[in-house]
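Here are my notes on the model you asked me to look over.

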Amino acid sequence: MAAADWGGKADHLAGERATAQFDVDGMKVAWAGSRHAVEVADRMACLVASDPVFRKDTRTMLSRKELFKDTLKKAAHAWKRTVELHLTEEEANLLRLYIDQPGYVDLHWVMFVPAIKGQGTEEQQKKWLTMAYKFQIIGTYAQTELGHGSNVQGLETTATFDPSTDEFIMHSPTLTSSKWWPGGLGKTSTHAVVYARLITEGKDYGIHGFIMQLRSLDDHSPLPGITIGDIGGKFGSGAYNSMDNGVMRLDHVRIPRDQMLMRLAQVTREGKYVHSDVPKQLLYGTMVYVRQTIVADASRALSRAVCIAVRYGAIRKQFGSKAGGPETQVLNYKTQQSRLFPFLASAYAFRFVGQWLKWLYTDVTQKLESKDFSTLPEAHACTAGLKSVTTSATADAIEECQKLCGGHGYLNSSGLPELFAVNLPACTYEGDNVVLLLQVARFLMKTVSQVASGKQPVGTTAYMGNIQHLMQCKSVVNTVEDWLNPAAIKEVFEARALRMAVNCAQNISKAPSQEEGFSELSPDLVEAAVAHVQLIIVTKFIEKLQEDILGHGVKEQLQKLCGIYALHLIHKHLGDFLSTGCVTARQGSLANERLGKLYAQVRPNAVALVDAFDYTDHYLGSALGRYDGDVYSALYKEAWKDPLNETVVPDGYQEHLRPLLKQQLKLSRL
Ligand SMILES: CCCCCCCC/C=C\CCCCC/C=C/C(=O)SCCNC(=O)CCNC(=O)[C@H](O)C(C)(C)COP(=O)(O)OP(=O)(O)OC[C@H]1O[C@@H](n2cnc3c(N)ncnc32)[C@H](O)[C@@H]1OP(=O)(O)O
Ligand SMILES: Cc1cc2nc3c(=O)[nH]c(=O)nc-3n(C[C@H](O)[C@H](O)[C@H](O)COP(=O)(O)OP(=O)(O)OC[C@H]3O[C@@H](n4cnc5c(N)ncnc54)[C@H](O)[C@@H]3O)c2cc1C
């Protein structure tokens with residue numbers, strides 16, 4: 001399908017495709033999760049690619065105002081098409097995804113609606129979601145403030161209950177309490193779930209969510225007492241600048257009591273605070289949900305960058321053989337392969353762990369509904385950890401893909417600068433990655449202490465129960481081939497993760513207090529958390545290979561990619577594996593040798609492996625990553641679209657360039 005908007009012209013990558021040793025269609029199914037998923041994604045991608053309103057080839061050349069208006073136009077058109085075509089929720093989500101332009105609708109669907117679903121009573125859901133589903137109101141998620149983002153308990157906005165009128169008074173008491181960052185808040189949202197300190201009967205009960213109307217539904221002006229605007233331009237051209245991240249100050253704005261989200265806690269008519277018998281952490285449920293979706297976003301962004309770099313690497317040639325033979329495709333350089341193929345493997349690894357995380361989230365949600373809260377800490381640790389590791393790796397990889405494409409990768413028309421700029425903030429939003437890894441570490445330290453007191457850990461920490469073995473085992477790897485054994489790979493990852501966690505726990509216990517120890521050891525704790533999360537990713541990839549995977553050669557390719565993912569981590573973090581005694585220096589070099597062989601085996605399949613992502617040229621948005629590989633014509637054509645090329649002689653020539661040149665000429669004649 002990726003050739004759909006390609007039109008059947010000469011395929012410069014045909015030779016590459018001919019060397020593939022597996023069934024690309026089968027791989028598409030493995031990547032997407034099911035035949036149905038491939039089919040619906042294809043249909044939605046084509047719908048977007050064939051609609052001129054969704055064009056994005058000149059996006060990076062638009063001014064902020066033009067870009068914002070273009071985003072409003074696309075969002076409205078997408079909604080129109082959704083209604084006209086009676087799209088299902090799955091189809092509508094994919095439509096939004098392939099439009100590929102961050103905007104207020106993301107916050108509306110991904111945060112505002114889930115916040116009400118998770119924290120509103122049935123009555124509140126009925127009232128607000130009915131309007132939200134029909135886009136009669138547009139909502140955002142207003143949590144972060146100018147002064148606090150990570151420390152949610154430090155937020156300053158107040159919601160003070162006034163029993164005389166049965167209302168809350170919403171107020172920003174300081175400059176730092178101004179809401180700052182919420183997407184769509186700046187110019188678009190009519191409503192928001194606003195997080196504020198609940199004060200009733202003179203007591204501060206901490207952070208709670210409140211639904212607030214922000215703008216008039218008649219003329220869109222802010223309601224009395226509300227000062228609201230955009231926070232200004234952000235990193236890169238195009239990119240996240242399509243989003244109106246906002247600032248908001250509240251001056252004693254009154255809202256009815258029933259606009260406090262009351263599923264987790266209530267304030268009675270008399271002003272009494274009542275907490276339900278559910279963990280208070282459920283207040284953070286929306287963040288758990290979104291972190292889970294961000295893992296899927298990361299694999300998608302990474303796969304786009306890899307697709308661009310692999311296809312371009314197969315087209316780009318530099319240097320020939322000394323005997324004057326043909327020039328070498330840069331993808332054939334071993335250094336390119338060792339930089340790029342781990343990203344290809346990571347894209348698949350993140351995709352599969354993202355599919356598993358979605359399952360975990362659904363499972364935990366079902367348990368929560370039947371009041372089983374036991375798996376909540378693990379769900380928090382898994383979503384926080386995987387969000388952190390996958391987004392950091394993705395941002396680094398996109399940047400490296402730019403370098404892998406040389407100078408042309410730095411052009412906006414490569415698609416890479418925008419891809420980087422859009423995905424970089426995923427390391428920060430929905431929880432700064434280091435802050436989230438410290439949450440994982442906290443969970444690990446608790447688990448280690450439970451294991452020490454004889455409790456059997458479950459789920460993703462079950463391996464810690466095998467502590468006797470894992471603390472002293474030595475890897476059995478003795479030959480390069482031994483590194484093909486998934487059990488051998490899993491064992492060293494388990495041993496490394498456990499030993500790093502236990503080392504931290506032992507060192508913390510030597511500190512004057514738990515808190516001081518945690519703070520002192522925090523750099524090591526972050527590394528232990530990364531080791532644990534990488535183990536989860538490796539394990540889920542290995543488990544994926546135990547499923548029925550159809551299609552000639554598909555499983556074999558995935559086995560190679562799984563090997564690359566795991567072994568490149570051993571190579572990259574060899575210090576961890578050596579210092580914890582999980583592998584010897586010799587085993588480390590055998591792993592590296594195995595890695596080199598795997599790169600060579602993947603090379604003839606590389607283009608087909610990125611074709612299996614099934615991206616249209618429209619979605620990829622890259623002159624370098626085109627399906628047909630006609631890179632140079634595309635680069636040449638794109639250059640002429642730049643506004644600078646609208647005139648042959650540039651604006652400013654008469655005022656600045658001509659006088660300068662004339663003056664210099666005059667001086668030289670003196
Ligand atoms: C190119 C096209 C692109 C189109 C893309 C379209 C796709 C759209 C997809 C996504 C769009 C995303 C848009 C993103 C917009 C961004 C939104 C935001 O950023 S919203 C704001 C998010 N803010 C944060 O994440 C703040 C981070 N901070 C926190 O989460 C917490 O405060 C904390 C740091 C985790 C908590 O710290 P701390 O422990 O100090 O405090 P407490 O609050 O007291 O916690 C005590 C116990 O609770 C446990 N805990 C904490 N969080 C959770 C949780 N979420 N669930 C369960 N349990 C939790 C914590 O571990 C403590 O436990 P114990 O140790 O006491 O047992
Ligand atoms: C593009 C974008 C969109 C966003 N959209 C929204 C939105 O829609 N709604 C919303 O409410 N918010 C939104 N945010 C805000 C976002 O959630 C916060 O920026 C994020 O949670 C990080 O908080 P912070 O900015 O306060 O960083 P800080 O916490 O100030 O981080 C600064 C530095 O301090 C470090 N640090 C902080 N605490 C610790 C600690 N305990 N230990 C060690 N190091 C620490 C961090 O690692 C970081 O390096 C958005 C942000 C961005 C960039």
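This is a predicted model: local features need pLDDT of at least 70, side-chain atom pairs count only at pLDDT 80 or more; totals for chains, interfaces and linings use all residues.

1. Start with ligand 1. Its shell holds 30 residues, and the closest of them are Val152, Gln281, Tyr284, His380 and Gly431. By residue type the shell around ligand 1 splits into 14 nonpolar, 11 polar and 5 charged. If you're setting up charges for this site, those 5 charged residues are the ones to look up.

2. Which helices supply at least two residues each to that shell? They are H6 (104-119), H8, H10 and H12. Of the elements involved, H8 gives the most to the shell around ligand 1, at 6 residues. On the domain level, both domain 1 (113-277) and domain 2 (285-458 + 468-611) contribute residues here, so ligand 1 lies between them.

3. Now ligand 2, with 21 residues around it. Gln143, Thr144, Gly149, Ser150 and Trp181 come nearest. The shell around ligand 2 divides into 11 nonpolar residues, 9 polar and 1 charged.

4. Strand S1 (139-142) and helix H12 (433-452) each bring at least two residues to the ligand 2 shell, and H12 gives the most, with 3. The domain picture for ligand 2 reads as follows: domain 1 (113-277) and domain 2 (285-458 + 468-611) both give residues to its shell, so ligand 2 lies between them.

5. Thr144 deserves a separate look. An unreviewed UniProt entry puts the feature "binding site" at Thr144 and Gly183. The two are spread over 40 residues of sequence, yet they cluster in space, with a largest C-alpha distance of 10.7 Å. Thr144 is found in the loop between S1 and strand S2 (158-162), and it is among the residues that come nearest to ligand 2. Is Thr144 buried, exposed or partly exposed? With 18 other C-beta atoms within 10 Å, Thr144 is partly exposed.

6. Next, the strands around S5 (residues 191-200). Strand S5 is mostly covered, with 9 of its 10 residues buried. S1 runs parallel to S5, joined by 4 bridges, and Gly139 has His191 in S5 as its bridge partner. S2 is parallel to S5 as well, through 3 bridges, with Thr158 opposite Arg197.

7. S5 also pairs with strand S6 (residues 203-213), this time in the antiparallel sense and over 9 bridges. His191 turns up again here, standing opposite Gln213 in S6. The S5 and S6 hairpin has 2 residues between the strands, and Glu201 takes a positive phi near 50° in it.

8. S7 and strand S8 (residues 246-250) run antiparallel and are joined by 5 bridges, and Asp230 stands opposite Gly246 in S8.

9. On packing, the largest nonpolar core counts 189 residues, and Ala305, Val306, Val310, Leu344 and Cys401 touch the most other members. Helix H8 (residues 285-315) provides the largest share of this core, 18 residues. Domain 1 (113-277) and domain 2 (285-458 + 468-611) both give residues to this core, so it lies between them.

10. One residue in H10 (residues 376-404) to click on is Leu404. Why does Leu404 count as buried? Because it has 25 C-beta neighbours inside 10 Å, and the cut-off for buried is 20 or more. Leu404 also sits 7.0 Å from Gln336, C-alpha to C-alpha, although the two are 68 residues apart in sequence.

Methods: Residues are numbered from 1 along each chain as its sequence is written. Chains are lettered from A and ligands numbered from 1 in the order in which they are written. A residue is near a molecule or strand if its C-beta atom, placed from the backbone, lies within 6 Å of it. Ala, Val, Leu, Ile, Met, Phe, Trp, Tyr, Cys and Pro count as nonpolar, Asp, Glu, Lys and Arg as charged, and the others, Gly among them, as polar. Domain bounds come from an automatic or database domain assignment. Two strands pair if DSSP finds at least two bridges between them. A nonpolar core is a set of buried Ala, Val, Leu, Ile, Met, Phe, Trp, Tyr and Cys residues joined through C-beta atoms within 7 Å. A residue is buried if 20 or more other C-beta atoms lie within 10 Å of its own, exposed if 12 or fewer, and partly exposed in between; C-beta atoms are placed from the backbone. UniProt positions are given in the numbering used here, feature names are shortened, and annotations may be inferred rather than shown by experiment.
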